[in-house]
Amino acid sequence: MIIMNVIGSDKWLKILEDLYESDEDLCNIYHIEAPATSKVCASRTFDDIKNLYDFSFYVLIKEGRISGWFGREPDHLTGFFLDKGLRKNSKDVFKSYIFPKFGDEFLSSVYKKNSRAVSFLKKIGEPYAENNVIFTVKISK
């Protein structure tokens with residue numbers, strides 16, 4: 001069973017550091033700062049989200065430990081991470097926990113460098129926009 005909670009901004013950086021530390025490939029290959037340490041990657045993500053207006057930071061807790069996070073702005077999934085255990089069922093996790101936090105349609109953007117996330121988003125949404133840095137999909141329930 002997965003529990004989902006909204007977390008205050010005072011805890012975001014530590015959560016990001018802990019989760020990114022669990023995924024060496026993210027910080028070595030896929031993150032916009034790669035190759036970098038988990039602390040550098042977490043700091044960059046934190047800097048990207050800390051001043052967003054009307055932003056909520058959700059954690060996914062499985063078996064008593066934080067196993068993922070996602071950010072929500074109105075109509076926009078702004079960042080997400082699932083640990084290896086949740087990634088095996090990522091579509092189900094998205095449908096059961098993330099999709100219900102949004103209306104019938106929403107957007108999600110990732111850095112194009114994160115080809116793993118881009119590939120996943122292409123499976124659950126329709127390409128919406130992209131430039132040389134950002135890839136965005138439109139997701140419909």
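At its relative accessibility, does arginine 44 count as buried, partly exposed or exposed?

Analyst: Arginine 44 counts as partly exposed, at 24% relative accessibility. On this scale, buried means under 20% relative accessible area, exposed means over 50%, and partly exposed is in between, with a 1.4 Å probe and protein chains only. The model is predicted, so local features need pLDDT of at least 70 and side-chain atom pairs count only at pLDDT 80 or more, while totals for chains, interfaces and linings use all residues. Residues are numbered from 1 along each chain as its sequence is written, and side-chain values use heavy atoms, with hydrogens and water left out.

The side chain of arginine 44 forms a salt bridge with that of glutamate 33, at 2.7 Å from N to O. A salt bridge here is a side-chain nitrogen of Lys or Arg within 4 Å of a carboxyl oxygen of Asp or Glu. Glutamate 33 also counts as partly exposed, at 29% relative accessibility. Helices (H or I, at least four residues) and strands (E, at least two) are DSSP runs, numbered from the N terminus.

By the salt-bridge rule, the count comes to 11. One of them joins aspartate 83 and arginine 65, whose closest N and O atoms are 2.7 Å apart. This pair links distant parts of the chain, 18 residues apart: aspartate 83 is in the loop between β4 (76-82) and α4 (84-87), and arginine 65 is in strand β3 (residues 65-73). Aspartate 83 is buried at 5% relative accessibility, whereas arginine 65 is partly exposed at 47%.

Another salt bridge is formed by the side chains of lysine 112 and glutamate 130, at 2.8 Å from N to O. Lysine 112 sits in the loop between β5 (105-111) and α6 (115-124), and glutamate 130 sits in strand β6 (residues 126-130), so parts 18 residues apart in sequence are tied together. Lysine 112 is partly exposed, with a relative accessibility of 33%, and glutamate 130 is exposed, with 51%. Elsewhere, salt bridges with shared partners join Asp23, Arg87 and Arg116 into one network.

The loop between β5 and α6 also holds asparagine 114. Asparagine 114 is buried, at a relative accessible area of 15%. Leaving out residues up to four places away in sequence, asparagine 114 touches Leu26 and Tyr30, where contact means heavy atoms within 4.5 Å.

Now the whole chain. The protein chain has six helices and seven strands, in the order β-α-α-α-β-β-β-α-α-β-α-β-β along the sequence. Of its 141 residues, 45% count as buried. Among contacts between residues at least 6 apart in sequence, 54% join residues at least 24 apart.

The protein chain carries 21 positive and 20 negative side chains, and the centres of the two sets lie 4 Å apart. Lys and Arg count as positive and Asp and Glu as negative, without His and the chain ends; each charge is placed at NZ of Lys, CZ of Arg, CG of Asp or CD of Glu.
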